[in-house]
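Student: Could we go through this structure together, starting with its aromatic rings?
Tutor: Gladly, let's take a look.

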Amino acid sequence: MKRFKCKQLIRALGIALISTTSLYGVTSLTTANAGAYDWLALNEPTEKYCMADAYLMKDGNKLAQDALNCTANDVEITRVTPTDPSAECNLGDVFSFEADVTVRTNANARWDTTFYLPLTDASPQVVHGPGLRDCSMILPIPGDSGETADVQLDGDQCGDITKANGPDEYVLQGETITMLCADGDQDNRADFTYCAAWDNIERSNCTYGEDPYAGQIPNNKSKCNCDTFNIDVFIKPAPPTVIKALAIGHPSSRAEPGGTFDYTMTFTNPNAQTSLFITSLTDEIDIGGEGTFDRTVDLWGGLDTVLPLVDGVYLTASNCSQPANGGEILPSASYSCAFTVHIVDRDLPDDQSPEFYDDLVKLALLDKNGDIVTDGDSCAAIPSSVAGDHCSNEVTVQITNLAPAITVTKTANPTEVLEPGANVLFTITVDNDAQFWDSPLTLTALNDTVFGDLLADECSALSTSIAENGTYTCTFTKFIGGNAGDLHSNVVSATAVDDELDQATGNDSAMVDIRDVPSSITLVKTATPTEVLETGDDPNNYSDVSYNFTFTVNAAGVDDVTFSSLVDVPFGILTGDCMVDSVNGNPIADTALSGFVLEPGDYASCDITKSLQGNAGDTHLNTATIRGVDEDGQDVDASDDALVTFTPLAPDTDMAFATSMLVVLELSNGGFEDVTLTDLTVMGVDVVDGAAGADFIFRNAIGGEHAGVSYSACAIGTVLGYSGSGTDTYSCAFTLELRPGIENTDAISFLAGGVNGVVAIVADDEGTEVINGVSVEVNTIE
């Protein structure tokens with residue numbers, strides 16, 4: 001869509017066009033113009049040097065400070081009456097018109113009357129500058145008006161005036177006047193400004209062809225007359241400034257496919273003296289744009305019915321109407337109204353930028369004469385505009401793109417498969433969630449993270465156009481494999497575009513769970529033999545048993561199993577003892593159990609020998625558990641036990657013999673004096689606890705018991721009282737442990753007799769001793 005770019009026409013060009021049309025409309029002298037020279041007919045330039053410039057240029061010695069002050073009033077123009085009562089001009093323009101010009105003299109006679117009219121705002125008595133032709137000229141033809149005041153007095157080409165014949169004025173009828181359209185007093189009538197020059201003496205020196213000195217210049221700086229007065233030339237009214245705006249608070253942007261835009265327009269008649277007449281009022285939508293929405297909407301016409309599916313511009317509300325009296329807008333009054341335009345645009349730019357609509361109001365204005373009121377080029381952006389059209393500022397609104405939307409769904413059936421895998425049916429759907437203005441959508445990409453470009457493969461045969469509220473569906477089957485616990489996830493991503501090539505994207509994933517096929521193992525434990533002889537009470541006696549451990553991976557599984565341990569109760573951890581030496585019945589080199597791998601259906605074994613202890617009738621039951629892990633990381637284990645029974649063994653004994661002898665002594669004092677036990681020996685060894693002879697050891701610490709009577713240990717130094725004293729008897733006991741003892745099986749042969757027998761010695765207080773003794777013999781035969 002194109003944007004309006006208004007340019008201001010150069011005002012000087014407009015002036016030139018109008019002036020040229022007016023000036024060149026006269027090609028020869030006519031009766032209506034007989035009173036003054038027609039410069040075009042004479043092939044002379046219409047633009048002349050102004051009076052002050054000609055005055056200075058006539059005499060090169062004159063300086064700018066000698067400029068005219070024009071204080072005389074010898075000759076004057078008293079009235080200018082346009083021949084067209086509807087004559088009008090555009091303020092600031094140079095224009096030409098025909099009028100009857102009344103010239104009057106206030107002196108008896110004056111020669112070579114010349115009238116300078118400004119073509120700019122500067123007076124003819126002001127120096128404009130060398131070479132500038134900024135005035136037009138009325139130069140009367142002598143006596144050509146036919147009136148008595150219009151005379152030929154000096155014989156040259158310039159008209160003279162006199163009141164010697166009675167009247168002091170004459171009328172130049174139908175004179176073509178070229179002047180600046182000005183209205184200094186703002187009464188809507190043109191200001192006629194002129195400066196008059198004349199000669200005070202009779203001399204034949206004036207010609208229309210002495211350019212730049214055609215006509216007469218003042219004799220001196222005071223001999224001239226300048227004046228300004230109103231004439232009946234209507235000042236065309238100034239054009240108004242038309243303002244268009246969005247209604248306050250109303251948006252300038254709508255999302256596709258468009259919506260309503262509320263506008264106001266207003267203008268004020270800038271003329272304080274004259275009315276304007278509005279004859280048409282239109283809203284120009286996107287004129288000069290891309291062509292689709294170029295429309296002129298008559299704001300005084302009927303309203304439109306919006307067709308949401310048809311792109312276009314619709315006038316849906318308006319309070320605009322033509323004012324009474326032919327659309328009159330009184331001086332300084334205003335005109336305003338409001339209206340609503342609904343734009344429907346379903347196809348926006350393909351770069352997703354907004355679509356812009358430059359919108360302006362155009363109206364046509366006439367003045368009181370029914371002539372068009374022009375304003376330059378405010379409507380230059382409207383190719384069809386003509387003079388008299390007035391356009392407002394542009395108001396730009398926009399329709400913004402809305403991205404389309406899709407919903408992508410991916411499903412898998414089934415969502416679970418057993419390892420190592422199975423076929424899965426995948427279904428992909430793409431729903432068109434876009435509204436009617438973006439439909440249908442075109443699917444441009446359908447990519448799967450695992451299966452690749454589906455539009456080029458599995459879904460290549462399907463149409464990619466998706467209607468409004470429609471669904472695109474593609475199904476395909478793929479084998480999904482893996483290990484238990486694996487999750488197969490694949491994501492499908494879709495891209496679709498609308499009529500603006502705006503993209504909609506979406507994605508979804510499908511998950512397939514690869515389920516475990518459980519692994520299992522078995523263990524068979526065998527004891528050889530199952531019966532062993534009892535080991536008795538000897539702690540170092542054992543019976544050896546060989547155990548075989550055969551373990552198998554269930555053939556119904558799918559995973560290899562890696563074995564890790566073998567534990568036995570009560571033997572404990574046997575992992576290191578189990579060196580696998582057979583697989584599927586075939587011998588192999590000894591291989592450690594930890595890390596050993598079997599495939600489904602295979603079996604292996606190892607043998608371990610253990611030493612058992614037990615009594616006849618006992619049983620030994622031990623249970624083994626083997627453990628491992630399959631390829632899915634699942635733990636597996638199996639257990640088995642073996643029973644071993646202990647059988648009786650016939651007894652086989654040897655006897656070893658040892659003996660001790662308790663010796664009980666009883667001594668009686670038959671004399672009349674006390675006596676003391678001074679010595680007690682056996683085979684010459686004193687009876688002292690722990691003392692030993694070659695074949696015995698004394699145990700005399702605690703005495704002993706014999707025949708139910710307890711006796712204390714024998715003590716040397718014991719006193720026996722005299723006979724009959726009550727303490728004349730002493731009893732004691734000691735033990736002889738005889739050798740050899742149980743440490744060997746030699747026979748015991750012990751004989752203590754005579755002086756080597758059991759000898760007790762007592763003495764009285766004079767030292768007289770009495771010796772008592774007894775012989776003892778002990779023999780054993782194995």
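Student: How many aromatic pairs does the count come to?
Tutor: Keep in mind that this is a predicted model. Rings pair if their centres lie within 6.5 Å. By this rule, the number of aromatic pairs is 19.

Student: What is the geometry of the Phe696 and Phe698 pair: stacked, tilted or edge-to-face?
Tutor: A pair of aromatic rings is described by the distance of the centres and the angle of the planes. Here the centres of Phe696 and Phe698 are 5.1 Å apart and the planes meet at 70 degrees. Planes over 60 degrees apart count as edge-to-face, so the pair of Phe696 and Phe698 is edge-to-face.

Student: Is Phe698 buried or exposed?
Tutor: The cut-off for buried is under 20% relative accessible area. Phe698 has a relative accessible area of 0%, so Phe698 is buried.

Student: Which ring does the charged end of Lys368 sit over?
Tutor: A charge sits over a ring if, among other criteria, NZ of Lys is within 6 Å of the ring centre. The charged end of Lys368 is 4.3 Å from the centre of its ring, and that ring belongs to Phe234.

Student: With which side chain does the side chain of Asp359 make a polar contact?
Tutor: Asp359 is in strand β19, residues 355-366, and is buried at 1% relative accessible area. Residues that Asp359 touches include Lys244, Tyr263 and Asn393. The polar contact of its side chain, at 3.1 Å, is with the side chain of Tyr263.

Note on methods:
Residues are numbered from 1 along each chain as its sequence is written. This is a predicted model: local features need pLDDT of at least 70, side-chain atom pairs count only at pLDDT 80 or more; totals for chains, interfaces and linings use all residues. Side-chain values use heavy atoms; hydrogens and water are left out. Helices (H or I, at least four residues) and strands (E, at least two) are DSSP runs, numbered from the N terminus. Buried means under 20% relative accessible area, exposed over 50%, partly exposed in between (1.4 Å probe, protein chains only). A polar contact is a pair of N or O atoms within 3.5 Å; within protein, one must be able to donate a hydrogen and the other to accept it, and residues adjacent in sequence count only if both atoms are side-chain atoms. Contact means heavy atoms within 4.5 Å. Rings of Phe, Tyr and Trp (its six-membered ring) pair if their centres lie within 6.5 Å; planes under 30 degrees apart count as stacked, over 60 as edge-to-face and the rest as tilted. A charge sits over a ring if NZ of Lys or CZ of Arg is within 6 Å of the ring centre and within 35 degrees of the ring normal. Lists of a residue's contacts leave out its neighbours within four places in sequence.
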